[in-house]
Amino acid sequence: MYYVGLLGVKVSEIMSRRVVTAKGDEKLSDIAEKMIQSKVSSVVVVSDGKVAGIVTEKDFVKFFALRVDYDSKISDYMTREVIVVREDASLNEAKNIMVSNNIRHLPVVDRDNNLVGMITVRDIVESVETLV
């Protein structure tokens, strides 16, 4: 099921262009601090402008439970197989990707696979509210 309005809206129209990023050699403790300071729930790890990994607040709960050393590099614990969406995809397509993969954060890439934004479940909910 889809809403007709979601088909006409492109991901690039509602995505956040302000994405908090990190390099793979940064410490988990530094990443957590970035997330707190920036008031975000995920950080995208980049290498040469490309998405290399992602870490979310849900991951940090797991790290805490497993007593992971917070001086560890993010590259040792990030999710490496990151699901992304193209900026020219429809909002409905982004929603379907998120639902079928049970994810709340979806990095947005351009046709050269460079990171250009982030779309979250919250972004989609807020855009649906304006369409209704």
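Analyst: Two strands count as paired if DSSP finds at least two bridges between them. On that basis β4 (residues 85–86) and β5 pair in the parallel sense over 2 bridges. Keep in mind that this is a predicted model.

User: Which residue of β5 is the bridge partner of R86?

Analyst: V109 in β5 is the bridge partner of R86.

User: And how does β5 pair with β6?

Analyst: In the antiparallel sense, over 5 bridges, with β6 covering residues 115–120. L106 stands opposite I119 in β6. The two strands form a hairpin with 5 residues between them, and N113 in the turn has a positive phi of about 65°.

User: How many residues of β5 are buried?

Analyst: 5 of its 5 residues are buried. Buried here means under 20% relative accessible area.

User: Switching topic. What is the strand order in the open sheet of 3 strands?

Analyst: The order is β1-β2-β3, and the pairing is mixed. β1 (21–22) and β3 are the edge strands, each pairing on one side only. β1 pairs with β2 (residues 42–47) in the parallel sense over 2 bridges, and T21 stands opposite V44 in β2.

User: Pockets next. How much space lies in the largest pocket?

Analyst: About 320 Å³. The lining has 13 residues, and those nearest the centre of the pocket are I54, T56, N102, I103 and R104. Two or more lining residues come from each of β3 (50–56), α4 (57–65) and β5 (105–109).

User: Now the whole chain. What radius of gyration does it have?

Analyst: The chain has 15 Å, which agrees with the value near 14 Å that a compact globule of 132 residues would have. Along the principal axes, the C-alpha atoms fill a box of roughly 45 × 30 × 25 Å. Buried residues make up 38% of the 132.

User: How many helices and strands are there, and in what order do they run?

Analyst: There are 6 helices and 6 strands. From the N terminus on, they run α-α-β-α-β-β-α-β-α-β-β-α.

User: And what share of the contacts is between residues 24 or more positions apart?

Analyst: 57% of the contacts with a separation of 6 or more.

Notes. Residues are numbered from 1 along each chain as its sequence is written. This is a predicted model: local features need pLDDT of at least 70, side-chain atom pairs count only at pLDDT 80 or more; totals for chains, interfaces and linings use all residues. Side-chain values use heavy atoms; hydrogens and water are left out. On a 1 Å grid over the protein atoms alone, a cavity is a set of points where a 1.4 Å probe fits but cannot get out, and a pocket is an open set with protein on both sides within 12 Å along at least five of seven lines; lining residues have an atom within 4 Å of a point. Grid points are joined across faces, edges and corners, and a volume is the space filled by probe spheres set on the points. Helices (H or I, at least four residues) and strands (E, at least two) are DSSP runs, numbered from the N terminus. The radius of gyration is taken over C-alpha atoms; the globule rule is 2.2 Å times the number of residues to the power 0.38. Buried means under 20% relative accessible area, exposed over 50%, partly exposed in between (1.4 Å probe, protein chains only). Contact means heavy atoms within 4.5 Å.
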